[in-house]
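Please open the structure in your viewer and keep the selection tool at hand. We will go from one place to the next, saying at each stop what to select.

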Amino acid sequence: MESNDSSSSAGPKPYMNPYVAGVVLGLMLLASFLVLGVGLGASAGIARIGACLQGCILPGHVQGSEYFGSWGTDPLRYYLVYMFAGTLLGGLVSAIVSRRVQPQLERGATAPRRLRILLALVGGVLVGFASRLASGCTSGQALTGGAILATGSLLFLVSVFAGGYATAYFVRRQWQ
Amino acid sequence: MITTFFGSDALGSNGAFLVALMVGFGFGLALELAGFGSSRKLSGIFYFRDMTVLKVMFTAMITAMLGLHLLMAVGMIESDQIYFLPTVYGAQILGGLIFGVGFAMSAWCPGTAAVGVASGRLDAVIFLIGAVVGSVLFNEVYSALVPVYHWGDAGVNFVWAALGIPANVFVLLFACVAVAAFWGAEWTEKKVAGTGAYLGTQFLKTFSIAILVVGVAQAFLPSVNPGGATLTGANAGETSLLAAMEAGEDHIEPEEVADRLMAGDKTLVLVDIRTPAEFAAFHIRGAVNASAAELPQYLAPNKNQGTIVLYSNGMTHPAQARDALARMGFSNAYLLTDGLNGFMRRVLKPASLREAPVPSHPAAKIRAWRLFFLGSPESGVPRQ
């Protein structure tokens, strides 16, 4: 681009070919296996931020709790917290370069704002809870465990889509 | 051979944190480039209008799977360098179902929501607040959930093993399923939304063939089953133990031990694994006393350095201890042939008392042994 004005006024770049994006993502996962010896993960980073935030308010309670307590006094000193930060940064750089940073509450044209906010919030609570129960999310269980053909991870993946397809019909209004 | 941070127990190091940050960067980049900074696009898979989630996830899974299995088959990375997620049937199925409900409601998952926040999506911010709350909620009810959390714990479990198929055959099958899924996804998009941009294109044909070629190639390589870490790895170890036993590589003759001790060989560590009382009553000069249980720790500095020789009165306990050490990676542990009893008979027994007449040269040697180990060529052999 010669002119910054013309590039900033242009619309977002088209998305990458999904198969090429998938290969890039797969190579990142492979690199993670080869260098770190573990796969990708995102939900653990969120949970540890939760443990840290709760620890700021109720330090004794968090330290004494069975689950968060096992993460020690500094739950943020963990590789998946850094990976989550990296994911945010990588997404930010790509979104800026691709001109896709668009502050908005994404929803259907006629969908009520409150419906979308409620579904995003409740969905978030369920996902946060379920990720801890299953010890991982779509990244840490489905993708990572799927790539090593772990039985439980593949069952997790199947269950996610079973739960998703069973629910999708009832929440379709938000996209209309 | 690759040593990973996990393999060297260094996932908590600053180096690992830096690598994790970089891997995460690439992860976020790929998610954003695929269009996963948009909840509307992500939700497409649940309504069959946009199957990008399936295409990207399945491609990523296949890429990493093929890459990992290929690298393992050629021996570039050993399975003990990788953390294999354990299977907990109940927790993962129940967790998956709840996750799926939340995923369809919010149209975000933890990784994509990070990219959504980076893309300015308010619903991603709300989702993440919810996910933090959900995590805290889990911690609050954890003590009541412990049985569910461990419900159906099956340890490291692979789907190919569960199905009784070799790993490389299953990987090939999985690659075929992926290719079929890609064509099915394009076809679905065409039917439902009139898109399916890659259906029948040269790109998808080439891509499909490439996946199948790599799948077939890895199937022809020797099947190094990942996490055979626990299965084949252990079997290979046992097989080598049996082979070493058969070849007599697991023991050392008393005469050789005697000669080396007399010569002041510092690389030889002779360990008496009998009780301290027995050791105090009599032991081979130069031997040290350690119980079988404390051997791994006691001998750690001598692991794969010099020669470790174990002895007891007989051979059973030292043989068991030697095999245990071999399994722990000690390649230099031996047992004394015929034990202390053999040492008495073959080294310390005076030439005059031996059944067969002893030629003069060995007789001189026996005298020298007796002088060294008993302090006098005339001393009697101690009673046990």
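Begin with the largest pocket, which holds about 710 Å³ of space. A pocket is an open set of points, on a 1 Å grid over the protein atoms alone, where a 1.4 Å probe fits, with protein on both sides within 12 Å along at least five of seven lines, and its lining residues have an atom within 4 Å of a point; the volume is the space filled by probe spheres set on the points, which are joined across faces, edges and corners. Select A:Tyr78, A:Arg132, A:Ser135, B:Tyr83 and B:Leu85, which of the 36 lining residues are the closest to the centre of this pocket.

This is a predicted model, in which local features need pLDDT of at least 70 and side-chain atom pairs count only at pLDDT 80 or more, while totals for chains, interfaces and linings use all residues. Residues are numbered from 1 along each chain as its sequence is written, chains are lettered from A in the order in which they are written, and side-chain values use heavy atoms, with hydrogens and water left out.

Next, select A:Leu157, A:Val158, A:Phe161, B:Phe58 and B:Met61, which lie nearest the centre of the second largest pocket, lined by 16 residues and holding about 370 Å³ of space.

Now colour by chain: 117 residues of chain A are in contact (heavy atoms within 4.5 Å) with 125 residues of chain B. Finally, select A:Arg116 and B:Asp123, whose side chains meet in a salt bridge at 2.6 Å, N to O, where the rule asks for a side-chain nitrogen of Lys or Arg within 4 Å of a carboxyl oxygen of Asp or Glu.
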